[in-house]
Structures are given as C-alpha cells and as structure tokens.
Number of protein chains: 2
Amino acid sequence: MQQSFERLAIDSHSNARRGRLTTAHGEIDTPTFMPVGTQGSVKGVSPRELHELNAQIVLGNTYHLFVRPGLDVLKHFGGLHNFMNWDGPILTDSGGYQIFSLAKLRKITEQGVEFQNHIDGARAFISPEIAMEIQTLLSSDIAMGLDECVPYPCQYDYAAQSAEMTTRWAKRCREWKRRKDEMAKPELADSATRRRADSMLFGIVQGGTFEDLRKESAQAIVDLDFNGYAIGGVSVGEPEEEMMRAVEWAEPFLPGNKPRYAMGLGTPPQLLELIARGMDMFDCVLPTRLARNGTAFTAAGTINLKNAEFILDKNPIEENCACDTCREFTRGYIRHLIKAEEILGLRLITLHNLHFYLNLMNQARAEIERGTFDQFRKAFAAEYKTRDVLRVE
Amino acid sequence: MQQSFERLAIDSHSNARRGRLTTAHGEIDTPTFMPVGTQGSVKGVSPRELHELNAQIVLGNTYHLFVRPGLDVLKHFGGLHNFMNWDGPILTDSGGYQIFSLAKLRKITEQGVEFQNHIDGARAFISPEIAMEIQTLLSSDIAMGLDECVPYPCQYDYAAQSAEMTTRWAKRCREWKRRKDEMAKPELADSATRRRADSMLFGIVQGGTFEDLRKESAQAIVDLDFNGYAIGGVSVGEPEEEMMRAVEWAEPFLPGNKPRYAMGLGTPPQLLELIARGMDMFDCVLPTRLARNGTAFTAAGTINLKNAEFILDKNPIEENCACDTCREFTRGYIRHLIKAEEILGLRLITLHNLHFYLNLMNQARAEIERGTFDQFRKAFAAEYKTRDVLRVE
C-alpha cells in the first residue's frame with residue numbers, strides 16, 4: 001500500500017484544509033483528532049468503543065511503552081496494533097517529549113539521550129536511530145523523528161542550539177528511513193519488510209518562542225523531505241499567543257501537499273484556530289484527563305459534574321449530543337457516579353468528551369468543504385465560554 | 001402484571017430446580033446470578049454491557065443508595081431503574097447488612113436501628129416499615145425484609161434473640177406489604193400505585209450457626225407467607241461447611257413453589273453446591289471485586305493476571321470462552337493493563353468474570369433440564385482448583 005495525502009478542499013478565508021491521509025492501516029480524514037493511548041490503551045476506552053466513536057487513528061507513547069511493558073513484550077506480540085487489538089492507524093511519538101518531562105537524570109549528547117525511567121529507574125539510551133527502530137517495532141503507521149523539546153521559558157541560545165541539534169537528529173532519522181525504504185524495494189524485500197516500509201516519518205519543527213529559530217527550523221526540517229511535518233515544543237506552558245505564533249511562523253515553510261501535525265494540542269477553540277492556521281492533525285489528553293476529574297466539554301464550554309448544581313439535573317451532559325452517554329444518562333446520575341468514585345462515571349464522561357473532540361473535527365471538515373469554516377469557527381468561539389489550562393502527560 | 005415463580009424442571013439427584021421468576025421488569029431464569037450494583041452501578045460496567053452479558057437482574061444496595069445520592073435524589077429521578085438506566089429487574093437488600101457491617105455507632109432496639117453512616121457520619125433511623133418505604137421509592141422489583149445479620153462467631157443466646165427479633169421485624173414488613181397491596185386493589189388505586197404493588201417481598205431466615213435456630217427461623221418466616229425466601233447471615237466469615245449447613249437446615253421448611261435466595265454467595269463451586277441444595281438466586285461481589293485486583297475466573301480456578309508468567313501469554317483468559325474479553329484480548333495485554341493501572345484492564349477482567357458467573361448459571365440451568373446436573377457439578381468441582389476467601393462489601 002502506498003501512503004499518501006490528498007487535499008480535498010481548501011478554505012478561501014483561512015489556511016484550513018480538508019484532506020485525507022492514507023496509511024497502511026486505513027484512511028484518516030483531516031482535520032483529525034487522535035485520542036491518546038499513552039500506555040497501549042486510551043484511558044478507560046476499549047478499541048470497540050474507539051471504532052464506535054469513529055476515531056480513525058490513535059496515538060501511542062513510545063517512551064511509556066518502552067518502559068512498560070518493554071520492547072521484548074511488544075516484539076513478541078508483533079507490534080502495538082496486535083498487542084492492544086486496534087486495527088486502525090497508529091501514530092507514535094519518538095519518546096523524546098516524555099524523556100524530557102518524566103524521566104530522571106537525563107544526559108543529552110549529540111549522540112542521543114541517556115536517562116533513567118520514572119518507573120523503576122532503569123537506565124536506557126535512545127538515539128535518533130534507536131527511536132526509529134523502536135517505532136518500527138511498535139508497527140507505527142506514522143513515526144516521529146527524535147527531537148529535543150525545550151521548556152518554556154527558554155533562553156535564546158539554548159533554544160537555538162537545541163533546534164540545530166534536533167535538525168541533525170532529524171537528518172539521521174531521515175537517513176535511517178531512506179535505508180529502510182531502500183531495503184524494502186520489491187526486488188529485494190519480503191512482504192513483511194515491505195509492509196514495515198509503508199510507515200511514514202514526520203519531521204518536527206522546534207525553535208521555542210523565537211521567530212527566527214522557528215523559521216530556520218521549519219526550513220531545515222522541510223529540506224530533509226519528510227512525509228509530514230509537526231510543530232513541536234508547543235503546549236509546554238506558554239501563553240496561547242505564543243503557541244499560535246509558533247505555528248504561524250513555521251506554517252508558510254511547510255509544503256501544502258503534506259500533512260501538518262500540531263503536537264499535544266489543545267482546547268476546542270484552539271483546535272479551530274490551529275485548523276485555520278493550516279494544521280491537520282491533533283492529539284491532546286484533555287478529553288480523557290479532564291473526564292477523570294468530572295469535567296465534560298460542551299459547546300458552551302466545560303462543566304464540572306461534581307458541582308452541586310447538577311444533583312437533580314435530568315438533562316444529558318449536552319442537549320442534542322449524539323453520543324451514547326448523552327442518549328442514555330443524565331447529568332445527575334453521572335454526578336453521583338463521580339462523587340461515589342464509580343469507574344462508570346469517568347467512562348461515561350470520557351466517551352462524551354472524545355465524541356465532542358471527534359465530532360468537532362467532523363464539523364470542521366464539513367464546514368471547510370462547504371466554504372463556511374470561517375463563520376463556524378467564530379460562532380464556536382463566541383459560544384464557548386471557558387478556557388482550560390493545558391497540562392500534558 | 002402478576003409476579004410469579006414457575007418450576008420448569010426438578011433434578012432427580014439433588015434439590016436443584018430450574019425455574020422462572022416473573023417480575024414487573026421482566027423474567028429471570030433460575031438458577032440466576034445477580035451482579036451487584038452497590039452504588040447504582042455494577043462496578044465498571046454499563047447497563048448496555050449488562051444486557052450484552054445476558055444479566056437478567058441486578059442487585060442494588062439500599063444502605064449505599066440511602067447514604068449517597070440519598071432518597072431525595074432517587075425520588076426525583078423516579079427510582080433506581082430510571083436513575084441508572086437499567087430497565088431489567090432490580091432486587092434491593094434492606095440495608096440491614098451494611099448498617100451492621102459499615103455504619104458507625106449502631107443502636108438496635110425493637111423499634112429499628114439507629115446509626116451514623118460511614119461517609120459523612122449523618123445520623124439516621126431505619127425501621128422495618130422505613131426499609132419497605134425506601135425500597136418502594138427505589139422502585140425495587142424484589143424487596144428484602146429488614147433483618148439483623150449476626151456476626152460469626154456469635155453466642156447462642158444472642159443469635160436466638162436476634163433471630164426472634166428478625167422474625168418480628170419480618171412480620172412488620174409483611175404487614176406493611178399487605179396494607180400496600182390492599183391499597184393497590186384495582187377498584188381503589190391509580191396505575192402508579194398498582195405498579196408499585198407489583199414488587200415482591202422476600203423474608204430472610206437467620207439463626208447463625210445453630211440448627212434449632214435456623215429451623216425455627218425458617219418455619220416462622222415461612223409462616224408469614226412471603227413471595228420468596230432468603231438465607232441470610234451466611235458469608236460472614238464462617239467455614240464453608242457452616243454455610244452449607246445453614247442452608248441445609250432451612251431448606252426443608254421453604255415451600256418448593258417459591259424462589260430461594262442465598263445472600264452474598266459465593267465461589268463458583270459453592271454456587272453449584274447451593275443449587276444442589278435447592279437455592280435459586282445468588283449475588284456476590286467476587287467477580288467484580290477480584291477483577292479489580294487482576295484475578296480472573298476460569299474452569300480450572302482463579303488466575304491472577306499480575307503474575308509474571310502471563311507477560312508473554314498470547315492466550316485469552318480462558319480458551320473457548322465466548323466473552324468479548326476472551327475473543328479480543330490476550331492475557332499478556334491484560335496483564336500489562338493491570339500492572340500499568342489502566343482502567344481498561346479491570347474492565348476487561350470484570351466483563352470476563354461476570355460472563356463466567358452468568359454462564360455458569362446458564363450451564364446449570366441446561367444441565368438441570370437435561371437431568372445431568374449432578375455429573376456436571378461433580379466434574380466442575382473436580383476441575384476447579386482454587387478456593388477464594390469470601391469478603392463482602
């Protein structure tokens with residue numbers, strides 16, 4: 001199977017695009033939201049439920065899976081699809097983000113990064129090439145290059161040196177992929193090798209909050225010719241304007257015929273802003289993480305079902321919502337479950353929240369096709385009253 | 001609708017019966033297992049999943065629901081069926097068991113029991129009549145009389161006095177129900193009142209571990225003429241032989257044309273033993289509680305999926321099991337989920353364990369019909385290697 005990205009419609013009022021990405025495990029309609037399956041499971045949700053929600057792709061966290069259950073186990077089970085029984089596309093991150101946010105005693109060199117994991121403290125080393133090997137072993141449909149994600153705030157000099165190193169690492173990832181593709185040519189390879197070569201590799205733009213660094217990084221990464229491009233180093237605690245600027249600075253350098261992925265983002269209004277800025281793919285822990293705290297998304301903003309105002313509320317979380325939770329359960333019942341720490345409560349809110357995010361992408365795609373995305377985005381933002389602080393896992 | 005109990009087949013080698021109990025919310029094939037919905041939710045399981053598991057009735061804990069969300073909320077939502085969105089039959093306990101095991105500062109008098117709940121310490125008083133009112137408000141299909149469940153071990157004198165008080169309480173519950181039924185007569189009542197009167201009331205046999213007390217209690221309770229009879233005061237820490245004896249002593253006094261409920265029991269082999277001793281209905285937290293600890297039921301006994309031996313195991317929890325968990329997931333993956341504290345892990349084991357219990361009842365019914373229950377029970381016991389300590393919530 002050949003992977004490809006098609007643009008089906010382009011918005012005339014913004015950079016929004018309606019597209020379709022073809023992977024070895026199926027098609028993805030963009031703009032798309034990718035539920036986060038940190039440890040080989042989208043928290044609280046079964047693969048069957050993901051299909052029922054019309055999720056077209058899930059994200060797997062390489063670092064978490066590397067630490068637990070570990071590569072031997074994932075290899076034994078033939079990759080992440082088989083292990084978690086998800087037959088749709090999987091995007092894996094490179095592990096870099098979590099190494100820099102979770103692991104202990106990190107030592108970064110040109111060669112790669114040495115660290116002790118946060119579970120049992122075992123030492124490990126990941127280089128760009130090893131990150132590629134691991135994601136191949138995970139049977140990833142879309143692999144990410146190893147990058148360093150600098151914190152916010154960050155000194156200019158550090159951000160500059162780091163972005164340059166990320167580019168050199170990206171080059172090594174690209175080179176690794178080129179050799180892999182070479183080996184997979186029909187005249188040389190068996191079918192398993194060819195199948196592994198169906199995976200895509202995305203490059204990651206870094207550069208912190210600095211315009212020249214973001215632009216240089218974007219140009220350098222694009223020059224390496226990846227299957228798609230990601231904006232990294234966002235959603236690390238910076239103000240929303242900085243996040244938007246990071247995307248705006250890089251976007252003009254990204255080729256229109258390749259998918260663009262804004263990493264770790266965002267709130268519902270942010271997603272629409274990012275779509276307007278030409279982004280196609282998103283992942284975010286907000287819908288699943290906030291659900292575990294009793295928070296549900298609605299068109300009017302988030303509500304916390306723990307609040308006493310919902311005790312006697314016979315309405316669904318959101319009027320006219322088509323999700324199973326809203327068709328079957330009241331706010332009052334879900335509030336009781338959350339207060340009583342019943343697992344079903346967070347399950348029901350998680351399903352609603354994922355539906356909300358996935359449906360928002362569905363609406364965005366339809367509005368782009370219809371040429372009305374601009375009005376839709378403004379109307380949505382006007383009705384949506386709350387802002388949630390982003391924290392990423 | 002008229003509630004009724006039919007015996008469809010009687011085992012010639014034991015006291016086992018295959019029956020059908022008709023309630024206002026549907027039919028229940030007996031022997032039956034009732035998943036426990038302590039706080040208005042079978043832990044981790046949705047009503048849709050309960051239907052898919054072919055659960056025909058669930059149990060609601062009156063004490064837990066009385067404490068949280070409280071009667072005002074349940075009344076506002078029109079009872080427990082509406083509140084939890086379960087349209088099948090519900091059996092509610094009287095609350096007595098949890099008052100005696102969970103609440104603080106209990107004071108038992110002839111009139112009833114005063115207690116402080118274990119959540120916020122609020123004081124409350126429950127009499128036999130109030131227990132009836134509460135269960136009516138919960139829209140219970142099968143209500144239980146208020147009883148005192150004595151601990152194990154227990155002095156003879158205390159057990160005797162307690163069983164006698166339980167009988168006097170049972171008489172008050174029966175009297176309450178008779179007045180209710182009277183008021184619900186077609187010429188007097190509106191349809192809502194008649195519907196409420198469709199509920200059944202079961203009497204509970206007590207008497208601790210003493211033969212004469214069990215027999216006296218059984219005779220006295222049966223003399224009051226309930227819709228069904230329960231053996232209470234079992235599964236309180238006594239040895240298995242004592243549990244079986246308590247049932248054996250009472251059973252000859254129970255009319256054959258009424259359902260019999262062995263409360264809070266038991267392990268899979270115990271259920272088959274109790275069926276052989278003429279019991280029809282069971283509830284137990286083992287399948288859901290043990291699942292949360294990583295323990296799964298199989299025909300060979302329980303296995304704990306946390307064990308390292310399952311790390312690379314590509315088999316389902318149980319070979320040839322028809323449940324969704326076993327059709328879709330490996331032991332190795334479920335082990336990973338449990339070790340990583342992923343909610344999906346306990347969900348998957350819970351579904352399997354409930355399927356195991358419900359399917360065991362399904363098999364028992366078929367074997368009784370076929371006249372082969374005795375061989376089935378012996379073969380099952382021979383293959384089942386583990387014994388689990390019972391602890392009840």
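1. Across the interface of chain B and chain A in this predicted model, the rule finds 24 residue pairs in polar contact, with both partners at pLDDT 80 or more. On the side of chain B that touches chain A, helices α1 (47–52), α3 (71–76), α4 (80–84), α13 (324–328), α14 (331–339) and α15 (343–370) of chain B each supply at least two residues. Of the elements of chain B, α14(B) gives the most to this side, with five residues. Sorted by class, the side of chain B that touches chain A holds 16 nonpolar, ten polar and twelve charged residues.

2. As to the extent of the interface, the contact takes 38 residues from chain B and 39 residues from chain A, and the two chains bury about 3,500 Å² between them, 56% of it on carbon and sulfur atoms. Three residues, R48(B), H336(B) and E342(B), supply 16% of the area that chain B buries against chain A, which is more than any other three residues.

3. The charged pairs across the interface deserve a separate look. Side chains of opposite charge can pair when their charged atoms come close. Between chain B and chain A the rule finds eight salt bridges, and D324(A) forms a salt bridge with R48(B), for which the closest N and O atoms are 3.4 Å apart. Both residues belong to a network of salt bridges that links R48(A), E52(A), D324(A) and R327(A) with R48(B), E52(B), D324(B) and R327(B). R48(B) is also one of the three residues named above for their share of the area that chain B buries against chain A.

4. Because D29(A) lies in strand β3 (residues 26–30) of chain A and R18(A) in strand β2 (residues 17–23) of chain A, the pair ties together parts that are eleven residues apart in sequence. D29(A) is buried, with a relative accessible area of 15%, and R18(A) counts as buried at 6% relative accessibility.

5. R245(A) counts as partly exposed at 35% relative accessibility, whereas E242(A) is buried, with a relative accessible area of 18%. In chain B, R277(B) forms a salt bridge with E273(B), with the closest N and O atoms 2.8 Å apart.

6. Helix α15 (residues 343–370) of chain A has 28 residues and reaches 40 Å from its first C-alpha to its last, close to the 40 Å expected at 1.5 Å a residue. This helix is largely enclosed by the rest of the structure, because 22 of the 28 residues of α15(A) are buried. After α15(A) comes G371(A), whose phi is positive, near 80°. In chain B, E367(B) has its place in helix α15 and is buried, with a relative accessible area of 16%. Leaving aside residues up to four places away in sequence, E367(B) touches T372(B), F373(B) and F376(B).

7. Most residues other than glycine have a negative phi, and most peptide bonds are trans. The peptide bond from R68(A) to P69(A), however, is cis, with omega near 15°, and P69(A) lies in the loop between α2 (62–67) and α3 (71–76) of chain A. A cis peptide bond also joins L265(A) and G266(A), with omega about 0°, and G266(A) lies in the loop between β14 (260–262) and α11 (268–276) of chain A.

8. Positive phi values also occur at residues other than glycine. N85(A), with phi near 60°, lies in the loop between α4 (80–84) and β7 (90–92) of chain A and counts as partly exposed at 31% relative accessibility. N320(A), whose phi is about 70°, lies in the loop between β17 (301–304) and α13 (324–328) of chain A and counts as exposed at 75% relative accessibility. Just after α6(A), S139(A) takes a positive phi of about 65°; within helix α6 (residues 128–137) of chain A, the buried residues include P128(A), A131(A), M132(A), I134(A), Q135(A) and T136(A).

Note on methods:
Residues are numbered from 1 along each chain as its sequence is written. Chains are lettered from A and ligands numbered from 1 in the order in which they are written. Side-chain values use heavy atoms; hydrogens and water are left out. Contact means heavy atoms within 4.5 Å. Buried area is the accessible area (1.4 Å probe) that two parts lose on being put together, summed over both. A salt bridge is a side-chain nitrogen of Lys or Arg within 4 Å of a carboxyl oxygen of Asp or Glu. A polar contact is a pair of N or O atoms within 3.5 Å; within protein, one must be able to donate a hydrogen and the other to accept it, and residues adjacent in sequence count only if both atoms are side-chain atoms. Helices (H or I, at least four residues) and strands (E, at least two) are DSSP runs, numbered from the N terminus. Ala, Val, Leu, Ile, Met, Phe, Trp, Tyr, Cys and Pro count as nonpolar, Asp, Glu, Lys and Arg as charged, and the others, Gly among them, as polar. The expected span of a helix is 1.5 Å times one less than its number of residues. Buried means under 20% relative accessible area, exposed over 50%, partly exposed in between (1.4 Å probe, protein chains only).
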